[in-house]
Structure formats: structure tokens, C-alpha cells
Amino acid sequence: MRDINCEICLDLIPLVRDGVAAEESKRAVHAHIQTCESCRRVWQGGEVPAPAEDAALQKTSRRLRMVWGFLLMLCTLAGLELTNGSGVFYNTLVMPLVGILAYLFFGRSAAVNVPALLLVTHAVTTLFHAVRGEEHLGVFDMVFYTIIYALFALLGVGLAALVHTVLRRTEPARRRIGAGAGALCILAFFGVFASSLVGNPVSRMLAEHSAEEYVQAHHPDCAVDDVSYSFKTGGYDARVSKSGSVDHTFTVSFDAFGRFVYSAYESEVAEHFSTWRRLDDAYRSFAKPILQSPLMPFAADSAGCSLRMASYEENGALSPDSDGLDYRGALETDGVYNVLELAAQYGEISLFVDDPDVSVENAADILLTLRRTCDEAGIPAAYFTLSLHAPRGEDGNRVSSDFVFVDSFPYAQVYEQELAPRLAAFIEQSLENAEEK
């Protein structure tokens, strides 16, 4: 067996590891690393020593390690600061990034060093906030979040190590950088996907800044309460309100670049929709607990109530056949109103009942019982809407397709005298009106 020099040994080590080297080459490598400490370190997983002509590359690598170390500390501190805020979700991306940077800086020992780094940094920042009298985590919460963050960080370490393994035939000086770049690309893909679901801090910051500027310019007596991501539009909605007002609230929308899209001030405040909503919520809060309580003697899928809204023409005028509350003309922002009096004029109670007897006669009996229950409980209403269906079987499907639907039957017309015939005529007339439309 002939002796080999370091250059040949370093060339043969990858082949021996992969099991494709000849037996003589294997013996030569094993014999050489017994006497050569530098090659033995490479065999044990270290980096190949850089030749003289690669001195510039080695210098660049050292500088990159300094950058990786700085970014590692920066991302770690940024992630820990997100813990107490609404952006804690972003740590599912920040912590894998910490793991990738740690692999670039520490190499394989990152799997041990990252959890220790997180624990120490978390303890230091928590102590810092405690000394300053600021809100901070307790010991249990600190340890809990450290464990969770360490798991996400180890995911990043694993991604970088995986790419590193794929690139193991590459020159060692470039291998770790390539591993980090590949892992960052994978993380960037998941980052874009996550951003489409919950937004991102940069777009949120732009939306918050734009919202403040817009409110100061157009509604200086108002303030921005909150900015939230809208999955439906991919933009951000700013909730704006006026101090001391219960109805002066509206939404302003921005796109992902912080550009103004739409303001709901006109529809919600100027047209008094927010006032109607407040009154409607008050009516629901009063009536729904009773409608959904055991006092209602029906096997109901659901029961609810609402103040009927007026309908308007395209030019904004009140529709001639509208029978709802004219909230644009009759209400005022922060106005005081008797909700029960409004409910007696515009309130509508809706009931969805399952009963084997799907007939107009049974529907009439249900409406009579519903009115008596409402009268006893003091729930005012102007209309009843009833949907009567056959009950569901064990498979979850209805045993029959028959149904009776009563849409907006006047509360005042619910009395015993010939109620079933009157109800049948009302249903027939409603169907004819629907066909005409």
C-alpha cells in the first residue's frame, strides 16, 4: 500500500464516505488520517483547509460569518420582542430563519447552540423588561415559549443541514453558503404562503402609517383603533372611531402597499348604518336569549330577530314599497331611541322549526304559540318569518322534502280566527308577487 499526500487524501475522502472508492484507496485514506491531523479533521466532518490561492475566498467567508452572527442576534431579539404582541405568529417564520443563520454561523453544533442561545437571550430580555418595570413574561411562560421557538429554530437548522448534505460535493468554502441560500429560498416560499394567509409586518406597517395620515387629513377628530389583515382582499382594514361616540365608527381599507382603497365613512356614519346596527344589536340582545331558551316549545334549528332595514333606489331615495326602518332619514348618529318601540314597528322574528306535520294548519298553530310566548316575555315584533320543515333522520337528511315557508307575516294578523286560511292565502300571494318580480 503506497503513501498518499494530503491533496490526494482530500480528493479521496468523499469517495470513501460514499462507498465508491477502491479497497486500496480506502486503506490509503485510513492510513493517512492516522498520521495527519488536518486530514483527520476533514474525515470527522470538518472543512477542507483552504489553499493559498483561496485566501480571498477564506477572508470573505470569515466576513460572512460575522454578518451571519449579527443577523442571528438581530433576528433572535426581534422574534422575542414579538412574543408579547399580536405579531407572535410571525415567529413561525422568524425562528426558522434564526435556525438557518445559526447553522451558517455554528455549523452542525447549531442544534445544541440555538436552544441555549434562545434561553439565555430570552432570560436577559425578560430581566431587562422587569428591571424597567415593563410588561414581561413569567418564568413558566418564558420557558414555554423558548421550547416552542427552539422547535421552529431547529426546523430551520434541519432545512439548512439538508441542503448542505445535498451540496456536499461542492467546494467546502461554498457549501455552507449554498446551504443557507437554499434553506432561505425554501423559507421564503413558506413566507409568501403565510403572508397570503395572515399578512406580513411590512405591509401592516405601511397600512398603519397610511391610516394615520388619512385620518389626520380627512377625520382629524377621529383616531385609528386597530389595523387588521383581510384575507378576502389581501389588504388591510383600519378601524376608526371618535372618542365619546358609540356610532362614529367606520372602516378604511388599504392594499398591501399601504395605498388607499375605500372608506366606509359615508355608508356607516353619514348614512347612519352604524346607528341602525347599534339598535339592532340591542334588540337581538334582548330577544334572542328568550327565543333560544326552553320557553320556546319547538324543535327549532334556529331562532333570531332583527330590525327590518328600509330599501332604497339607486339614486338613494326611499323605495315606495319599503316597509323597513328608514335609517338614513329617521336616525341620527348617537341618537337615543326606544328600541322596543322601534321593534314594535320594524322588528322581525325568524323561526326555523322541524316538525313531522308539515302543513299550513301546523304553521298557523306554531305562529299562535310564538305570539303568545312573545307577549308573555314582552318581546315586541312587527313580522314573523317561519320556515317549517320535516325533521332530520339519523343520517342527517330530512325525512321529507315538504316545507312551508311564511315570509314576513304581520304580527298583528296572528290571531285564532281563521288563521290557517288567511295564512294559506298570504303564502299564495307571496308566491305570486315573487313570480311577478
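**Close-ups of a predicted model**

**View A. Helix 11 and helix 13 are roughly perpendicular to each other (65 to 115 degrees counts as that).** Helix 11 (residues 273-291) packs against helix 13 (residues 339-346) at an angle of about 90 degrees, and their axes lie 10 Å apart. Axes here are lines fitted to C-alpha atoms, for helices over the stretch in contact, and angles run from 0 to 180 degrees between N-to-C directions. Helices are DSSP runs of H or I with at least four residues, strands are E runs of at least two, and both are numbered from the N terminus. This is a predicted model, so local features need pLDDT of at least 70, and side-chain atom pairs count only at pLDDT 80 or more. Residues are numbered from 1 along each chain as its sequence is written, and side-chain values use heavy atoms, with hydrogens and water left out.

**View B. Who touches whom between helix 11 and helix 13.** Helix 11 brings Leu279, Ala282, Tyr283 and Phe286, while helix 13 brings Val339, Leu340, Leu342 and Ala343; contact means heavy atoms within 4.5 Å.

**View D. Strand 1 meets strand 2 (residues 236-241) through six bridges.** The two run antiparallel, and aspartate 226 has arginine 239 in strand 2 as its bridge partner.

How values were computed: Two strands pair if DSSP finds at least two bridges between them. Angles under 35 degrees count as roughly parallel, over 145 as roughly antiparallel, 65 to 115 as roughly perpendicular and the rest as oblique.
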